Amino acid sequence: MNTSRETIFKSIHDALSPIKERAARPSVPRGVADAKWLPDEADSIALFKKQATASGTLCFTDLESLAKWLESENTRLLYIPAEFKPLVEYFSSRTNVTTDYKRDLVDEIDVCITPAAAGIAESGTIVITDESTPDRLAALAPWYHIALLDRADIHRTIGDAIASMPEDPNIVWVTGPSKTADVEGILIQGVHGPGAQACLII
Amino acid sequence: MPEQKVDSYARRLDRPVQQAVHDNSAAGTEKRYGSLGKDFADADSLRRLAGAIRQHSIENLDIYLEQAEASLTRNGAHVHYAVTADDACRAVSDILKKAGAKKIVKSKSMISEEIYLNDHLATQGIESVETDLGEYIIQIDGDHPSHIVKPIIHKNRRDIARSFEREGLGDYNDDPQTITSRARSFMRGKYLGADAGITGANFVVADTGRLVLVTNEGNSRFCLAAPKIHIALVGIEKVIPSDSELTVLLNLLGRSATGQQLTVYTEFINGPARKDRPSGPEEMHVIFVDNQRSEILASNCREILRCIRCGACLNVCPIYRQASGHAYRSVYPGPIGAVLSPLLAGKNFKELADLPKASSLCGACNEVCPVDIPIPDLLLRLRNKAHEEHLPSPGTPPMAGFGILASSPSIWKIAMKTGGLSSLVPLEKLPLPYLSPWLKTRTLPGWRGGQFRSWMKSRNQK
Amino acid sequence: MIPTISKPNGRKIQLMATCLCDAFFDNVAKATVEVLEYAGCDVEFPENQTCCGQPAFNCGDWAASRQVMRHTAKVFQGDKPVIVPSGSCAAMLFHGAPLEFEKESDLGTINDLGARTWEIADYLVNGLGIQKWPGRFQARIAFHRACHTRGTPSGAAALQLLESIEGIEIIPFGEEEQCCGFGGTFSVSFPHVSSSMGCLKLEHITSVEPDFVVSGDMSCLMHLGGLAERGGKPLKTLHFVQILQAALQNHA
């Protein structure tokens, strides 16, 4: 008796064998799907900020503004990974900080700062990996998520980002806050993921 | 005269629902057009490239599927195969039972709808909660999605508020913001209490073994963060060769579906999470499902397997806009459904053989398809198939007589001349069953058969 | 009388009048002949022509459709261009027929016929190189580009000619690219959807108050015109070759 695998591969083989000449693999020129308005090699950081902002991500370039914004939002408990000592110190004087992300505090911790692995200028996307994130939930569950993005890690295009994807079990491209338009086509921000997505570019 | 089912459904559809479906679809078409026009100098050549990529992928499915399996296994995932819908359901419940999993959370997966997974899991005593907002509402209503990307395009906020109240999510409140935040809090409990997360996959990249998932809500991220087991259900046709092809397809998918350059979350899953991690599945399973796909691959409609499930064809289809998704009586509505659903029905083709006829063959679907599927040609092939299988077709005039008439010029010319007799008898009185549907809403021009021919003849004689 | 600007230039063509014009729209077929002659063509009308076979093809009865196509291929044999005042019939010849003949031994003959078949606007502009049309015709026109001309040069060609005529104003209207709802036998097997589609298009068209609704396909105009008339608000419809003919009459 054939296994499911054997049955399927045989069916596929039988389906394809009458094809005299299989469709050739088309050549995909590098950059063929790049947006036409991309400036040549220019300022990726400026483009990133523009695109990220357009998609709903708040971009900060200094701690002071970030802190002011969080203050204005009356956040309750901020998680920062312990290894970011200067950040922990800076925020501890201003608000409640924890360096321990615990699953049962998922609803208490309403703000998280976690590192981004990279950025994509063409789409204003923040790239998060398992390697760069202590806990997947820390980048996903809080209402406010702030990604720490090193400006040197910003790729110019979506194609570039795909070409340099690391070996990581879980790479997530984040382009703005979570949203849905399921109810009458009306756009609502903040469904299961963060309702407010921000980025601190360092 | 018996009605075609899709026409009858459209006729009986509530006007407000039809209007909502029309407006929402038209908006989707506008957004797609705007985004492609803004971003690409020649979106059509990109679509044709993507079409060639997908055609190559499916015509070399034996190679790429095997390669995907090897890559996934290397990455630490368990690969399973399921021939039929039942096999797929059982493969899922076997994995869950082995792990003692009782509660699962699901992110949107069309193939899971095809196989009626939730119904099966219920019979196994396993709770399965849909986490995508639209799909959750469908689930609690015991309804079916009416669009592949926007499942509740046919519901309004009052419908949803009533359902939420009935489900115990709070008193009646039809504010979309409130509805959404209630879903958010409710679903958190489900994610965190779930033993397993089930997803689909938009693409499987053969050389790296990466699954690609494209969403906006964050529900699939949660399904892959909280529970310890991940099961991905993937149609065998989803494999693509490598990252360079992925780049083209990803750049077209969001724009075609919703006018977005990228959806909010694009996830690349390359295996289970590392052992020392607090979140992420320890165990990953990928179930490749056939469910008639290899039959379709063997047929003369194999191009339909290129489909990347964007929904652009639904949005632009004038018949879909008039009839709405449920008129298609199957998981996939609209132009994609009119081809795919009768084919997925396999031996039950005749149950859905009317769907390919529910089209004016306008070709708008092919024009918007990111992988350039020649849908009208496939609809015509399926009409031919239905004819050869002698399947009845209400309202369709038999053509054997026409074949004789139009290949016999002398009879034709006589018919042209004598057709004028119809001006002596009111058309409605003539026993022409196929004429009365026309005459109910339209007049016919006067008969002029033979006039041009005699004009041409007398001209040539001069 | 239409003046001929140039003597027949050796451009011998065969005219496929279409079964619809044969039965209902002799004026359109006549206008087609006069326009082609003005453009310097020698127009042959093979009298044994009947139909392109599309009705049977669309119904799935490909055997009946092939029977008709084989007759048509015989009638139009030779190597002259075959000119058709209909995007849908032209598309049947160069796209539909090859599809239904793909497993047949005479596919070659069908391909040859398709390769020399032109929809008339495409032929005038891209075949004969006519970029502008003389004469005048004072009218606000809503132009409906028939669906079978999607992906072909025909729609743009017809518009180019119309826009070049003095006095013509092409008025855009909502959802122009959406199908009118005719679809051949679709119009009688799905009467509700077909009529609803047509009425929706009529709403868009009538809101811009055109003098004429113009198309390159009489099937669409028969459907829209028939709906408008039954609805009590008749529309004036014209095939664009009738406008080309009228412009020439005003030019003389």
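Trainee: Which strand of chain A pairs with strand 2 (residues 78-79) of chain A, and in what sense?
Mentor: Strand 4 (residues 111-115) of chain A does, in the parallel sense over two bridges. Strands here are DSSP runs (E, at least two residues) and helices are runs too (H or I, at least four), numbered from the N terminus; two strands pair if DSSP finds at least two bridges between them. Within that pair, Y79(A) stands opposite C112(A).

Trainee: OK, and how do I read the numbering and the model itself?
Mentor: Residues are numbered from 1 along each chain as its sequence is written, while chains are lettered from A and ligands numbered from 1 in the order in which they are written. It's a predicted model: local features need pLDDT of at least 70, side-chain atom pairs count only at pLDDT 80 or more, and totals for chains, interfaces and linings use all residues.

Trainee: What sheet order does chain A show?
Mentor: An open sheet of six strands runs 1-12-7-4-2-3, with parallel pairing. Strand 1 (57-60) and strand 3 (97-98) of chain A stand at the edges with a single partner strand each, so one side of each has no neighbour in the sheet.

Trainee: Switching topic: how many residues of chain B are in contact with chain A?
Mentor: 74 residues of chain B are in contact with 59 residues of chain A; contact means C-beta atoms, placed from the backbone, within 7 Å. The chain B side divides into 36 nonpolar, 22 polar and 16 charged residues. Nonpolar covers Ala, Val, Leu, Ile, Met, Phe, Trp, Tyr, Cys and Pro, charged covers Asp, Glu, Lys and Arg, and the others, Gly among them, are polar.

Trainee: Which strands of the two chains pair with each other?
Mentor: Strand 9 (residues 170-174) of chain A and strand 9 (residues 265-269) of chain B, antiparallel over five bridges. There, N170(A) has I269(B) as its bridge partner.

Trainee: Is helix 3 (residues 43-59) of chain B largely enclosed or left open?
Mentor: Largely enclosed, because 13 of its 17 residues are buried. Buried means 20 or more other C-beta atoms within 10 Å of the residue's own, with C-beta atoms placed from the backbone.

Trainee: And which residues of helix 2 of chain B are buried?
Mentor: V21(B), S25(B), G28(B), T29(B), R32(B) and L36(B) are. The buried residues of helix 2 pack against several helices of chain B, including helix 3 and helix 12 (243-258).

Trainee: Where does pLDDT stay under 50 in chain C?
Mentor: Over residues 1-8 of chain C; pLDDT is the predictor's confidence in each residue, from 0 to 100. Where pLDDT is low, the predicted coordinates should not be read in detail. Chain C averages a pLDDT of 94.

Conventions
Two residues are in contact if their C-beta atoms, placed from the backbone, lie within 7 Å. A residue is buried if 20 or more other C-beta atoms lie within 10 Å of its own, exposed if 12 or fewer, and partly exposed in between; C-beta atoms are placed from the backbone.
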